[in-house]
Amino acid sequence: MSVEEAREPSDAPGAPEGAGAPSRAGEQPGGAVVGIELRGRPCTVASGRSVLAAALDEDPESAPPVICGMGSCYACVVTRNGHEQVRSCITQVQEGDSYDW
Ligand code: FES
């Protein structure tokens, strides 16, 4: 299979922007989403995404720092619901939670 054959129809050159594409990175049409807050901003994220992935999807410029991406370095620690410290790269988003850093 060539690269052209492997592309999704919405990736095809000339396809209308957003045609068949997920509404946000990580979300799939018809997939479960959860509502969270990132730095006070409400957003929806595909269920099962990490907090770090959600933050990178929302605004890569202000996302927590990443070094290892697998829970070893603690560079990506964020505050969940105002008090609990979690590693955003290995913590899945949970409905209604609020994250700040
Ligand atoms: S990036 Fe290292 S623990 Fe998350």
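The legends below describe close-up views of one predicted model.

Residue numbers start at 1 in each chain and follow the sequence as written. Because the model is predicted, local features need pLDDT of at least 70 and side-chain atom pairs count only at pLDDT 80 or more, while totals for chains, interfaces and linings use all residues.

**View 1. The whole chain and its confidence.**
The chain holds two helices and five strands. Helices (H or I, at least four residues) and strands (E, at least two) are DSSP runs, numbered from the N terminus. Their order along the sequence is α-β-β-α-β-β-β. Mean pLDDT, the predictor's confidence in each residue from 0 to 100, is 81 for the chain. At least 70 is reached by 70% of the residues.

Where pLDDT is low, the predicted coordinates should not be read in detail.

Strands E1 (33-38) and E2 (41-46) run antiparallel and are joined by six bridges. Strands pair if DSSP finds at least two bridges between them. Two residues lie between the strands of this hairpin, where Arg39 takes a positive phi near 50°.

**View 2. Ala46 and its partner.**
Ala46 sits in strand E2. Val33 has Ala46 as its bridge partner. The two are 13 residues apart in sequence, yet 4.3 Å apart in space, C-alpha to C-alpha. Ala46 counts as buried because it has 20 C-beta neighbours inside 10 Å. The cut-offs are 20 or more other C-beta atoms within 10 Å for buried, 12 or fewer for exposed, and partly exposed in between.

**View 3. The largest nonpolar core.**
This core has 15 residues. Such a core is a set of buried Ala, Val, Leu, Ile, Met, Phe, Trp, Tyr and Cys residues joined through C-beta atoms within 7 Å. Ile36, Val51, Leu52, Ala54 and Ala55 have the most contacts inside the core. E1, E2 and helix H2 (51-58) each give two or more residues. H2 supplies the largest share, five residues.

**View 4. Helix H2 and its cover.**
Val51, Leu52, Ala53, Ala54 and Ala55 are buried in H2. The cover over the buried residues of H2 includes E1, E2, strand E3 (77-80) and strand E5 (98-100). Beyond its neighbours within four places in sequence, Leu52 contacts Ala63, Pro64, Val66, Cys76, Ser88 and Cys89.

Note on methods
Two residues are in contact if their C-beta atoms, placed from the backbone, lie within 7 Å.
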